[in-house]
2 protein chains.
Amino acid sequence: MARRSSTITSADVARVAGVSKWTVIRAFDPGGSIAEETRANVLKAALELGYTPNLLARSLATRRTCQVALLVDDFGNPYKLPTLERLTAALQREGMTVTLLNINESFDHLTALTDARRRQADAVVLFGTAFNPGSLETMLKGDGPPCYVLARDCDAEGIVALDTDPAPAMATISAHLLATGRRLPAFLCGPRTYSTALGRRRALRDCLAQQGVALAEIDAGSYEMSSAARAVRAFFSQSSSSTRPDALVCENDILAIGAMEVLRGELGLKVPQDIAVIGFDDIEMGALPSFGLTTWQQPWAEMVDLLVEYLAGRQPPVSVRLAGQFIRRTSA
Amino acid sequence: MARRSSTITSADVARVAGVSKWTVIRAFDPGGSIAEETRANVLKAALELGYTPNLLARSLATRRTCQVALLVDDFGNPYKLPTLERLTAALQREGMTVTLLNINESFDHLTALTDARRRQADAVVLFGTAFNPGSLETMLKGDGPPCYVLARDCDAEGIVALDTDPAPAMATISAHLLATGRRLPAFLCGPRTYSTALGRRRALRDCLAQQGVALAEIDAGSYEMSSAARAVRAFFSQSSSSTRPDALVCENDILAIGAMEVLRGELGLKVPQDIAVIGFDDIEMGALPSFGLTTWQQPWAEMVDLLVEYLAGRQPPVSVRLAGQFIRRTSA
DNA sequence: TTGTATGCGTTATCAG
DNA sequence: CTGATAACGCATACAA
């Protein structure tokens, strides 16, 4: 193979330092048995030449890349950004780095998982993506990196999921609604393919049913504010004043804000007087005085930190469902 | 070196298919000269064994990783998310993948650039990060991957920057303000270390000065809404009714919204009657009826698409300053 | 069309 | 403590 690159390698440094290339490598190994004087010489030569170890070659030999493949598909939800920020920062502190894989129509889970395998990623993290647990299981069959699911539940075999438990959240929300006199609650959910939609809705419905209260259901079909606006507009224009919901619980904050804009801006309803609005996630936007969105805070920091413990190998990976916290503001 | 892994390699497939490992590799090379029958056999064996080429080994040999290191530091600005989405999607379409590097106190540009070099990234993209052009130049000295700067200007040697030109933006905004009778404009900017702060402010000041109008300056110090709120609160509480600004141009939409919340919610001012508010970026939130933020849209799609052309090697990389577009809503 | 030798830059292991 | 040899899995050039 023709040498057509000018990359500086350990052999180059070795030549300059007057040692063998293995000694050069030892100089870069914190625990390498090497004389201090030799190491100093090598490091000096390395600095002169601008040498830096090639991680590709290292990974090939050690079978560790220190890279985590992160699969994301809903870029419309702003909560992803702070979570991404915390996750990347924490992993970088551990010497690991994140490869971001955007899941969409032309790049599905299988493609992404294959890419992660071919790149020898140390682990794969599915961050809030919509997936079919069954097909995921078959995709992960055989060898391949360990797989973690963040912010979504998943009972597939051998997959560790870190999720927010909908039960306490919806129990609290239900109690709050009933305590504040709401009797005609509705639930606004996004795409049906997301398990969170089902989980949260069912949890809320069950809680309300125990008190003899029914839950109306509105389908936005996606997690976009405009979809929420459209769905709310359609639903409320068809409901008479006696059947009109007096509370709207939304699958996430984005939907809640999209709904609120229509309720207040177009339908002239007052929040919370005419209708209570509750979200889920606790995104920054919801905290603005203009919205004052009452919501359920997902324990992002906790989830991310725990995930990093797993990835760093400090704790044995176990699926968990964390609680989160009720954030009461002015919208309910 | 002991063989301690169960990774399936081309040799394994070769054994099953009854050919040499080089033939296996040819089967996975779209342009490889190989008999159709042989290829079919090999692919069948590969499928059985679950073989997939090891990109690490390939990259080591070809000296191409098809990985782009993306350096990001301001995770507080929601516009990053859609841009990230478009960039990753476009690159994945080109067979490239993004490694996300979070720049912060404990992981600076030098660390990130070194990591990118060690990992043999094909290119480095600085996405709206605050950096010192001088030190960047020295860091990039020598070999190393080509470096691109997205959403920020940069005249460092050998660096290609894709940016929004502040001149036409501020000319338009200035004209709009004057045409709508504003005479006491102020500019709200984020951290001083960001070149956009200086560029936009200076451009606006120059335009206004030509018409004999002075520009007051408010310093938020960071890109957080709370900082904007604090700065606006402080500034307006000190200004008398005759010196109070009648227009507030903000370095970005986040600052604009933070400011608006205080202006309307705390100071009881009407937007745009009492004061016009203008942002920069055009984030989704600003388009909500509750804000109706008039702003300057950065041409994200254009910038990203052009960057991808460069990265894919279809166009010779050249620094550009794109125009963008005035988005007039209700706030000014 | 197929097989062979050699190189990519590192790590692991062993000999001195 | 240092040097040497074999591996990691694939690509390239060349020979058959």
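Strand 2 (residues 97-102) of chain A and strand 2 of chain B meet in the antiparallel sense, joined by three bridges. The model described here is a predicted one.

The pairing across the two chains is part of a wider picture. An open sheet of twelve strands runs in the order 11(A)-5(A)-4(A)-3(A)-1(A)-2(A)-2(B)-1(B)-3(B)-4(B)-5(B)-11(B), and its pairing is mixed. At the edges lie strand 11 (320-322) of chain A and strand 11 (320-322) of chain B, each of which pairs on one side only. On average, neighbouring strands of the sheet are turned by 20° against each other, with direction ignored. A parallel example can be found within chain A, where strand 3 (residues 123-127) is joined to strand 4 (residues 147-150) by four bridges. Here L126(A) has V149(A), in strand 4 of chain A, as its bridge partner.

The contact between the chains can also be followed residue by residue. In chain B, 47 residues are in contact with 47 residues of chain A. On the side of chain B that touches chain A, two or more residues each come from helix 4 (55-62), helix 5 (80-93), strand 2 (97-102), helix 6 (109-118) and helix 11 (253-266) of chain B. Helix 5 of chain B gives the most to this side, with nine residues. By class, the side of chain B that touches chain A holds 18 nonpolar, 19 polar and ten charged residues.

Next come the two DNA strands. Around DNA strand C there are 28 residues, of which S10(A), A57(A), A61(A), W22(B) and S33(B) come nearest. Helix 2 and helix 4 of chain A, together with helix 2 and helix 4 of chain B, each give two or more residues to the surface near DNA strand C. Helix 4 of chain A gives the most, with five residues. This surface has 15 nonpolar, ten polar and three charged residues.

Around DNA strand D there are 27 residues, and S33(A), S10(B), N54(B), A57(B) and A61(B) come nearest. At least two residues each are supplied by helix 2 (21-27) and helix 4 (55-62) of chain A and by helix 2 (21-27) and helix 4 of chain B. For DNA strand D, helix 4 of chain B gives the most, with five residues. The surface near DNA strand D divides into 15 nonpolar, ten polar and two charged residues.

How values were computed:
Residues numbered from 1 in each chain as written. Chains lettered and ligands numbered in written order. Predicted model: local features only at pLDDT ≥ 70, side-chain atom pairs only at ≥ 80, totals over all residues. Pairing = 2+ DSSP bridges. Axes fitted to C-alpha atoms, helices over the stretch in contact; angles between N-to-C directions. Contact = placed C-beta atoms within 7 Å. Nonpolar A, V, L, I, M, F, W, Y, C, P; charged D, E, K, R; others polar. Near = placed C-beta within 6 Å.
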